[in-house]
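The tour below moves from one selection to the next and says what to look for at each stop.

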2 protein chains.
Amino acid sequence: MRATIMHAPGDVRVEDRDKPAIQRPTDAVIKLVAACVCGSDLWPYRGADKLARPQPMGHEYVGIVEEIGADVKNVQPGQFVVGSFIASDNTCEICRSGYQSGCVHRQGVGGAQAEYLRVPLADGTLVAAPEMPDHEKIPSLLAASDVLGTGWFAAKAAEVGPGKTVAVVGDGAVGLLGVLAAQRMGAERIIAMSRHVNRQALAREFGATDIVAERGDAGVKKIKELTGGLGAHSVLEAVGTQESMLQAIHATRAGGHVGFVGVSHDVALPGRDLFSSHVHLHGGPAPVRQYLPELIDLILRGEINPGKVFDLELPLDQAPEAYKAMDERRAIKVLLRP
Amino acid sequence: MRATIMHAPGDVRVEDRDKPAIQRPTDAVIKLVAACVCGSDLWPYRGADKLARPQPMGHEYVGIVEEIGADVKNVQPGQFVVGSFIASDNTCEICRSGYQSGCVHRQGVGGAQAEYLRVPLADGTLVAAPEMPDHEKIPSLLAASDVLGTGWFAAKAAEVGPGKTVAVVGDGAVGLLGVLAAQRMGAERIIAMSRHVNRQALAREFGATDIVAERGDAGVKKIKELTGGLGAHSVLEAVGTQESMLQAIHATRAGGHVGFVGVSHDVALPGRDLFSSHVHLHGGPAPVRQYLPELIDLILRGEINPGKVFDLELPLDQAPEAYKAMDERRAIKVLLRP
């Protein structure tokens with residue numbers, strides 16, 4: 001089968017690899033309908049994360065179940081499924097508390113930018129759609145697999161709710177879908193922090209009421225001006241750098257909530273900033289599995305259209321161009337068709 | 001009047017100073033009934049915090065109102081009052097949300113290890129007891145002013161509640177009263193982390209069900225062993241160092257809560273630890289004012305006896321010895337009688 005492999009920073013190739021097979025009775029193999037490139041894939045692409053060996057890429061996926069292991073009961077061959085980037089049993093105490101991404105048996109899922117994918121712990125990880133979805137729903141269902149679920153978690157972690165003012169740091173797909181999540185959760189005011197006209201437009205479409213183009217301390221100042229000097233009730237952080245984390249913390253009022261989902265890179269939070277800020281800080285890898293049933297339902301009923309974050313669609317063989325377009329910020333997010 | 005002044009690390013003196021006077025119409029001046037030395041006073045005493053000039057010490061206090069400014073309505077001369085180390089108006093949006101220590105008009109209160117104290121924003125800061133309390137209640141009411149209120153906030157910030165397993169990092173007065181708070185809030189199991197026999201005994205008296213003497217990674221390992229490998233639901237941090245913060249974060253299960261109240265010193269939290277831990281982190285200077293009415297009531301009804309943390313009582317003139325005893329950990333907490 002064809003699969004996307006990263007060999008080194010900037011060096012992504014589509015190569016022939018063995019089709020994955022069932023390794024454990026709890027596995028499923030799915031035939032991918034769509035996959036995509038994640039903002040976090042850009043960290044190794046840009047050399048910020050080290051690659052020990054050539055790496056099969058991709059952890060966002062929708063597909064059709066091809067084969068299941070002997071113990072799999074919840075999904076059947078032929079079903080259309082959505083999964084998360086972390087495989088979870090969905091039965092342990094941590095899963096039951098809503099943190100499937102912290103499952104005691106969690107495993108990473110990788111190699112989804114390909115024709116087929118092996119998904120471990122299939123019963124706990126995959127959620128089947130009630131029927132084969134329409135073609136135009138595919139991008140949104142694919143978004144649910146990671147970026148929507150992650151934006152949703154950021155909003156939950158930041159305790160977004162009715163009457164609240166929300167600020168979103170980061171205008172990638174996750175930040176933009178954090179705006180959508182905040183809108184769905186009833187936020188009164190949603191401030192998107194973005195300097196890019198096309199991303200600002202999508203943020204507004206998803207529910208942003210205000211745009212702040214400034215960053216860092218200037219961005220914090222602007223948020224304070226917009227909130228009577230107090231800061232936002234809830235701030236979603238979707239970047240993962242020291243600047244973005246401090247921007248999020250400082251833009252939040254005392255007693256407010258920061259939900260951070262940007263994968264941390266070289267972040268060291270000064271204790272004094274945290275201590276004096278009085279914010280609640282919560283985040284990490286999103287427990288997407290928790291939200292999948294609700295998100296799939298919202299998408300199939302046409303209530304939300306998160307697939308709009310895909311502003312470029314390419315055949316799998318052009319995965320190298322997909323990485324390039326996202327790296328150069330020519331595209332917000334690229335969908336790959338195997 | 002006599003007042004305690006810190007001149008340099010290790011150099012504390014009791015000197016004659018002018019009796020404080022009303023400076024603003026919202027001030028009150030109180031005659032102190034009792035004061036005490038705080039764990040945080042040891043930071044400058046040990047040279048970990050810089051002193052720019054000789055510093056009047058003390059921020060925990062109970063006393064009798066001596067004089068009030070023209071605008072003060074909620075307390076009257078002759079009343080016995082308890083206040084917090086941060087003066088707050090108790091009317092701004094941040095105060096109303098329960099974060100009086102983040103009040104937009106907040107001011108520090110200082111110089112309480114003395115005969116008299118000026119308290120700014122008296123209406124928002126001081127809480128009067130319904131009547132003159134019995135002599136034996138004084139230590140507990142004094143504890144409410146900071147260490148009990150701070151331990152209480154740590155437990156609230158860590159979302160302590162029925163059925164939960166709680167761990168407490170730090171066996172100073174705040175940590176010990178965090179144990180008491182956790183017990184009052186219905187925790188099922190309370191693990192006190194302490195290496196000192198007399199503090200272990202007091203922790204047990206306040207409600208600890210288990211004691212862990214190990215620190216750092218060994219302490220974390222022990223907490224995991226006691227919690228089926230998952231970590232505690234709620235961890236209270238009452239030290240303020242890098243080691244204690246990481247100990248608290250790593251001892252908490254995914255989705256659990258860390259309440260941190262130790263004043264941060266040279267803490268820089270690695271983003272990856274926070275990201276992968278999935279904990280909720282909340283803390284800072286405790287909004288003691290929020291809890292004072294409830295705490296005073298519990299104390300006067302004899303429901304709790306937090307004053308037990310005072311294991312040494314000295315006349316104000318012996319303040320230098322009070323610092324020495326706490327620095328050398330001969331005393332948990334020293335009460336000073338003006």
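Which residue of strand 16 of chain B stands opposite A:Ala268? Select A:Ala268 and look across: the residue facing A:Ala268 is B:Pro270. The model is a predicted one, in which local features need pLDDT of at least 70, side-chain atom pairs count only at pLDDT 80 or more, and totals for chains, interfaces and linings use all residues. Residues are numbered from 1 along each chain as its sequence is written, while chains are lettered from A and ligands numbered from 1 in the order in which they are written.

**Stop 1: between the chains**

Select 268–270 in both chains. These are the two copies of strand 16, paired in the antiparallel sense over three bridges. Strands (E, at least two residues) and helices (H or I, at least four) are DSSP runs numbered from the N terminus, and two strands pair if DSSP finds at least two bridges between them.

Nonpolar covers Ala, Val, Leu, Ile, Met, Phe, Trp, Tyr, Cys and Pro; charged covers Asp, Glu, Lys and Arg; the others, Gly among them, are polar.

The same surface serves both copies, as 100% of the contact residues of chain B recur in chain A.

**Stop 2**

An open sheet of 12 strands runs in the order 13(A)-12(A)-11(A)-14(A)-15(A)-17(A)-17(B)-15(B)-14(B)-11(B)-12(B)-13(B), with mixed pairing. At the edges stand strand 13 (210–212) of chain A and strand 13 (210–212) of chain B; each has a single partner strand, so one side of each is left without a neighbour in the sheet. Neighbouring strands are turned by 20 degrees against each other on average, direction ignored.

Within chain A, strand 15 (252–260) and strand 17 (280–283) pair in the parallel sense over four bridges. Pick A:Phe260 to find A:Gly283 opposite.

Helix 6 (173–184) lies across strand 11 (165–169), strand 12 (189–193) and strand 14 (232–237), at about 165 degrees to strand 11. Helix 9 (242–250) lies across strands 11, 14 and 15, at about 145 degrees to strand 15. Axes are lines fitted to C-alpha atoms, for helices over the stretch in contact, and angles run from 0 to 180 degrees between N-to-C directions.

**Stop 3: two domains of chain A**

Colour chain A by domain: domain 1 is 2–146 + 287–337 and domain 2 is 150–283, with bounds from an automatic or database domain assignment. Their centres, taken over C-alpha atoms, are 26 Å apart. The contact takes 16 residues from domain 1 and 14 residues from domain 2. On the domain 1 side, helix 11 (288–300) gives the most, three residues. That side divides into 11 nonpolar, two polar and three charged residues.

**Stop 4**

Strand 1 (2–8) is joined to strand 2 by six bridges, and A:Ile5 stands opposite A:Arg13.

**Stop 5: strand 3 of chain B**

Finish at 28–36 of chain B. Eight of the nine residues of strand 3 are buried, so this strand is largely enclosed by the rest of the structure. Buried means that 20 or more other C-beta atoms lie within 10 Å of a residue's own, exposed 12 or fewer, and partly exposed in between, with C-beta atoms placed from the backbone. Seven bridges join strand 3 to strand 5 (61–68) in the antiparallel sense, with B:Ala34 opposite B:Val62.

Methods. Contact = placed C-beta atoms within 7 Å.
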